[in-house]
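Look at the sequence and the fold first.

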Amino acid sequence: MSDELRISFEFFPPKTPEGKNKLYKVREELQQFNPDFFSVTYGAGGTTRDTTRGVVKSLIEQGIDAAPHLSFGGDDEETVASLLSDYQQIGVKRIVALRGDLPSGMGGHSQLVYANELVAFIRDRFGDQFHLEVAAYPEVHPEAKSYSDDIKFLKGKFDAGANSAITQYFFNPDAYFHFIDQCQQAGIDAPIYPGIMPIINYRNLARFSDSCGAEIPRWLRKRLESFGDDVESLQAFGVDLVSELCETLLENGAPGLHFYTMNQTQPTAKILRNLNGDD
Ligand code: FAD
């Protein structure tokens, strides 16, 4: 795999001290792949404000480029600006700017601020202090009225000042290539990095995919279901399948890969070793 490809790893902030210790071990193990940065998710509504910041700060103190995810949630401008100032002070150079989803029980989407507005807000208050990543949806965001509307709003995020995008995960590479083609036709020439979801647990993956609009093709659902409780075989199959997906993406021009690690070293490490041609 070429050194020019951008590799990044996503974590979620752990809830317990044990989870935190485990995460630092995972981080150390994944460091061998020389990632460009680690990103840390944010519970829209501010539910993980302290834990996201804590993980980001600790990574930066270890000399690692760490990018917090951020959204307005229900927060006002001054709360968000003060978190951004704080991020600037601790050495954050990159933000993943999102509308986010409110956790269930915190109300509907009505008060959520679209990501393009957050990007515009950060550019207005902080100029070019941060590299801004935004989210993109090759298989269409579940609330989008149409395919072209979704691309129009993605373009709006770049027009507001975003630098690059990371996609929702997908298992069909054609969805990504068609999307890139349509983005280019819409005048988007910034890099769009495919988000890669390892297959760890079928039930969780199926539930999450239904809610976030990522498609598990029928043949793949059937194949994954057939493993039943044999998690080891499911994960081995998943590593092969996702390695092939990554290979196809990189061979056909994807500028890098962003892994949703689920705070686990394996299977992301196995996939990257396959791509590097190791054992
Ligand atoms: P937006 O870009 O604002 O789009 C949301 C919806 O509104 C889309 O349907 C879009 O077509 C439409 N839209 C966009 N702009 C406008 C506009 N101006 N007017 C009208 N309609 C518009 N969620 C979390 O809670 N925490 C995280 O840390 C997190 N990290 C993520 C990381 C990545 C790489 C990805 C792909 C997703 C992540 N998510 C996270 C999920 C994301 O927050 C949800 O998918 C959310 O529903 C949309 O966020 P967005 O930033 O894409 O929203």
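Two residues are in contact if their C-beta atoms, placed from the backbone, lie within 7 Å. This is a predicted model: local features need pLDDT of at least 70, side-chain atom pairs count only at pLDDT 80 or more, and totals for chains, interfaces and linings use all residues. Numbering starts from 1 along each chain as its sequence is written.

Q: Which residues does Ala97 touch, not counting residues up to four places away in sequence?
A: Ala97 belongs to the largest nonpolar core, among the residues with the most contacts inside it. Such a core is a set of buried Ala, Val, Leu, Ile, Met, Phe, Trp, Tyr and Cys residues joined through C-beta atoms within 7 Å. Buried means 20 or more other C-beta atoms within 10 Å of the residue's own; exposed means 12 or fewer, and partly exposed lies in between. Beyond four places in sequence, Ala97 touches Leu70, Ala115, Leu118, Val119, Ile122, Leu132, Glu133, Val134 and Ala162.

Q: Which helix gives the largest share of this core?
A: The core has 76 residues. Helices (H or I, at least four residues) and strands (E, at least two) are DSSP runs, numbered from the N terminus. Six residues of the core, the largest share, come from helix α9 (residues 231-251).

Q: What do the buried residues of α10 pack against?
A: Helix α10 spans residues 268-275, and its buried residues are Thr268, Lys270, Ile271 and Leu272. They pack against β1 (6-11), α1 (17-30), α9 and β8 (256-260).

Q: Is Asp50 buried or exposed?
A: Asp50 sits in helix α2 (residues 49-61). Its C-alpha atom is separated by 9.3 Å from that of Pro13, 37 residues apart along the chain. Asp50 has 10 C-beta neighbours inside 10 Å, so it counts as exposed.

Q: Which element gives the largest share of the shell around the ligand?
A: Of the 24 residues around the ligand, Thr41, His69, Arg99, Ala115 and Ala135 come nearest. Being near requires a C-beta atom, placed from the backbone, within 6 Å of the molecule or strand. Two or more shell residues come from each of α4 (115-126), α5 (147-159) and β6 (164-169). The largest share, five residues, comes from α5.

Q: What radius of gyration does the protein have?
A: The radius is taken over C-alpha atoms, and the globule rule is 2.2 Å times the number of residues to the power 0.38. With 279 residues, a compact globule would come near 19 Å; the protein agrees, at 18 Å.
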